[in-house]
Protein chains: 4
Amino acid sequence: MAGSGPTRVMRDGATTTRVHLGHGLEVGGGGFVVVAGPCALENAEQVEKTVAAVAQAGAHALRGGAFKPRTSPYAFQGLGEPGLKLLAEQGRKLRRPVVSEVLDASQLPLMVDYVDVLQIGARNMQNFTLLRAAAKSGRPVLLKRGFGATLDEWLLAAEYLLDGGNEAVVLCERGIRSFDTTLRSTLDLAGMAWMKEKCRLPVLVDPSHSTGTQSLVTPMSLAAAAAGADGLLVEVHVNPAEALCDGRQALTPPLFDGLMRALPPVLSATGRSLARAEALHAVGGTR
Amino acid sequence: MAGSGPTRVMRDGATTTRVHLGHGLEVGGGGFVVVAGPCALENAEQVEKTVAAVAQAGAHALRGGAFKPRTSPYAFQGLGEPGLKLLAEQGRKLRRPVVSEVLDASQLPLMVDYVDVLQIGARNMQNFTLLRAAAKSGRPVLLKRGFGATLDEWLLAAEYLLDGGNEAVVLCERGIRSFDTTLRSTLDLAGMAWMKEKCRLPVLVDPSHSTGTQSLVTPMSLAAAAAGADGLLVEVHVNPAEALCDGRQALTPPLFDGLMRALPPVLSATGRSLARAEALHAVGGTR
Amino acid sequence: MAGSGPTRVMRDGATTTRVHLGHGLEVGGGGFVVVAGPCALENAEQVEKTVAAVAQAGAHALRGGAFKPRTSPYAFQGLGEPGLKLLAEQGRKLRRPVVSEVLDASQLPLMVDYVDVLQIGARNMQNFTLLRAAAKSGRPVLLKRGFGATLDEWLLAAEYLLDGGNEAVVLCERGIRSFDTTLRSTLDLAGMAWMKEKCRLPVLVDPSHSTGTQSLVTPMSLAAAAAGADGLLVEVHVNPAEALCDGRQALTPPLFDGLMRALPPVLSATGRSLARAEALHAVGGTR
Amino acid sequence: MAGSGPTRVMRDGATTTRVHLGHGLEVGGGGFVVVAGPCALENAEQVEKTVAAVAQAGAHALRGGAFKPRTSPYAFQGLGEPGLKLLAEQGRKLRRPVVSEVLDASQLPLMVDYVDVLQIGARNMQNFTLLRAAAKSGRPVLLKRGFGATLDEWLLAAEYLLDGGNEAVVLCERGIRSFDTTLRSTLDLAGMAWMKEKCRLPVLVDPSHSTGTQSLVTPMSLAAAAAGADGLLVEVHVNPAEALCDGRQALTPPLFDGLMRALPPVLSATGRSLARAEALHAVGGTR
């Protein structure tokens, strides 16, 4: 394997690469960034209410899936372009970057019209065609760890992006598979901390997909903050019981507000704080 | 999850779906099918020598990768279209169907010009865009199980193909990840047998990628035959020590010849035999 | 770890260590040995009927648990010494060695009064006190692989027995844990074949506990035979629906008889056959 | 499985069971408890220096193994009784409870002469004979999760202790096995948080064995504190490079001191604090 290991992503000194997500927001510069929104974009009312609530509670960026990678062909597959329009509109209104998942290289021209940050999901972490194309997209990429991927494979998937010319890469730990299926996945926080040691890219944690359990989202978010993660990717739904996708793991807006109030003291305990961005001040998404 | 389970792929009665692979060869009709060739197509000499040897030993179909999904961006990525041309030429000459991996939906127009059977690899088992596009390609699909995929997820990935209008689907068990990393993967033969019970599609076994170990390819091939698999996907290289990809698991031509001689008595012990096809008779790759 | 690897168990040349189990039966000498009986000894009628049936069908040795390691304290814990008496009586009558599980070193004086072969179960593979005591017991030991144990750890557990002075050790692969919980465990047949290459001890396969599924016991038994295992450990119950323990995986006597008829041709295909023993001839448990 | 689930260990309301460990120290009452010391007791000087340092830094209880469950029979197996004497002596001197691992029921009479808390290790979590005997020992039990055990199996192992009459049970998450072997185990903090929801027993976290990596011990300790664990079990060695066992994961005394200074603000952020005990005040175990 001589010459085939990761080199561009490896840390050299203490500095984490700062990645600009849009609207003046950066991740990796020390401020803790919270990306929140619904798992799937369902309709105008759900999108508007949910993202308004998360922005009000202090979320720094907005997320929502328009193209959903569903295990079954008969499950809700997402709104497609109309969903992207709804999300982009809210991003402009709330002056926050929006993040959405791209499933295939062929969707990139459409995606870059609407989203600030391209999410590459767990199932696509080793979709090398998509990685190469996303590297040329001109957009920052949020690269989730595959649920069956080792830490080294995750490093090398990120290396594809940097080798392709895109330095704006953010990683996201979202749980791996293990023999214990009590929870949806096994959140590998120590793996996240290992990545922070080895790799110069910012690393977020997704406490929602990893646990699949609403009541564990806040404890795992605080644990991620204490362990040194650069931020979170959290699912919020105005009415989890009626969510078309993954309702069991979504926070309600009041629970999300509670999480946003619980984070600053934990961050402060380790000498950190929530990120601040110009745009966020303007709409009063304070803290 | 009501209404979202697999329905089209489920077995109804004892019959396995017969899938025609080309050149008169079918899998699922009772005859045991052996697909063999190099992991990666490297150059004209390597391709020609290897496939000539495997055809001579009785392989029913030829395999070889032109686009390789490599963990590292710095590893050999495959010959691309020139590789496909070499493989297709040998297929015509030896009158055997050729199988090669497609990495992305955008490659399909190119692939269908050269290959009889489209392989969708483990990393792409849940690349739903590719599954939907492959369903419309008019070619049979060999769908490998993801190394992090449950049996139900594999069933549902196949369901995407059938729901998209393609009934010509062959499955291939290639090992899953477990805590024991002594071997490359953990070959799940019981999972293969479970699939044969539940699913009406033919199931092959890949003893090469699963074990990653040359000396275990023959014992696992015989085990697969005894356990009821519909065939094998085996890697052979004229000179494993110099292979550009996965040489440690490749059989040499003499070892492959030994495997082809060892299979018939094991198949016979369970009332089966190697597949026979019109075309194969013509070139004398009998047994 | 210098100096701490396995040495006594490693293979040196082609020969497998022959282990005498009692009543003239040996395993590792080429003959394929089938150990069968109920998961748990429940009562005189169940024991007698089951072992009579398996002996009639040709089983070489009899198994049955008197002390059951149950996940819950409220599940049936086994008959204890009365169960051992029932099993020992049948062993004498049918002239076959009996195998039963020992849970703790303190049970050894009792166990050696009744059983020919001491089984050390998956949960106790690294119970080092038990391993050391069993090494001094004067009885052959059947050491099952832990469901969370790597192949190297299994080798080293066997090394404890050999280092303690007991050369009469038989290994048994019984499945490991993986993320896929469709079946009870993931049977690691390639791991068994790897052990046969590296280790000089005989290796059995347990198709019952590994799959937890009656219909998969026969295919996995044939696969084990084709892949080179030295024998099987199979659960049989006269009435699986009423079994106090693990009924879903037990064969009925007619299914077991079918398995015993299916094995010889598969063994013959790889140049082997079922074991024969003096004692077995005497009671006509032929084949 | 009707009637065989856990009942005694299940939470009923918000209260965690308070377990007295000795010397006035309790766990589960809200105060965060840190148990620290060397992996293995090696000699008088190492024991004395290490536990003096951890007590000085504020550890509430002392740990050290006299009987080591080693994968290889040729690895250092522990000092045995002389080690227990050294540890007990330091416990009396520093007025702190001592914790040490019991490997087998036959060791219990010896252990109770020297230790305040019996540790049952990962490999013995389902050693049911040991669980039953420990339940009758009159000592509190620290029950580590097996590295191959599900959360339900861990609950049921604890149920054996409570059903046997011992209410003084403390759990300890120490990492599970997964396909990613970059780190020693995969620390399952979400599983710990799930246990805190379901089970009324206190739960500690072992950041040392789980990660196997010195530099990850502090981040994972802080994460455990933020996520609601009741305390930690941490390995400290005066000279990790010369440790006879697991030196790579041991903190040095200065690093441990840093951890003890880092914990209070994180605990305070979630409304908690380090435990205080009468005895600890007396020897100036500050904070």
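Q: What makes residues count as being in contact with Ser100(A), and which ones are they, leaving aside its neighbours within four places in sequence?
A: In this predicted model, Ser100(A) is in contact with Arg63(A), Gly64(A), Gly65(A), Ala66(A), Leu84(A), Leu87(A), Met111(A), Val115(A) and Gln119(A), once its neighbours within four places in sequence are left aside. The word applies because two residues are in contact if their C-beta atoms, placed from the backbone, lie within 7 Å.

Q: How far apart are Ser100(A) and Leu84(A), in sequence and in space?
A: Along the sequence they are 16 residues apart, and in space the distance from C-alpha to C-alpha is 7.9 Å.

Q: Why is Ser100(A) called buried?
A: A residue is buried if 20 or more other C-beta atoms lie within 10 Å of its own. Ser100(A), which has its place in strand E5 (residues 98-101) of chain A, has 26 other C-beta atoms within 10 Å, and is therefore buried.

Q: How many residues of chain A and of chain D are in contact, and which element of chain A gives the most to that side?
A: The contact involves 35 residues of chain A and 35 residues of chain D. On the side of chain A that touches chain D, two or more residues come from each of the helices H5 (151-163), H6 (189-198), H7 (207-211), H8 (214-227) and H9 (253-269) of chain A, and H8(A) gives the most, with nine residues. By kind, the residues of that side divide into 20 nonpolar, eleven polar and four charged.

Q: How do you know that chain A and chain D are related as by a two-fold rotation axis?
A: Chain A is superposed on chain D, with an RMSD of 0.0 Å, by a rotation of 180 degrees with 0.0 Å of shift along its axis, and the two copies are thus related as by a two-fold rotation axis. In chain A, the C-alpha nearest that axis belongs to Ala223(A), 2.0 Å from it. The same surface serves both copies, since 100% of the contact residues of chain A recur in chain D.

Methods:
Residues numbered from 1 in each chain as written. Chains lettered and ligands numbered in written order. Predicted model: local features only at pLDDT ≥ 70, side-chain atom pairs only at ≥ 80, totals over all residues. Helix = DSSP H or I, 4+ residues; strand = E, 2+ residues; numbered from the N terminus. Nonpolar A, V, L, I, M, F, W, Y, C, P; charged D, E, K, R; others polar. Least-squares fit on C-alpha atoms with pLDDT ≥ 70 in both. Buried ≥ 20, exposed ≤ 12 C-beta atoms within 10 Å, placed from the backbone.
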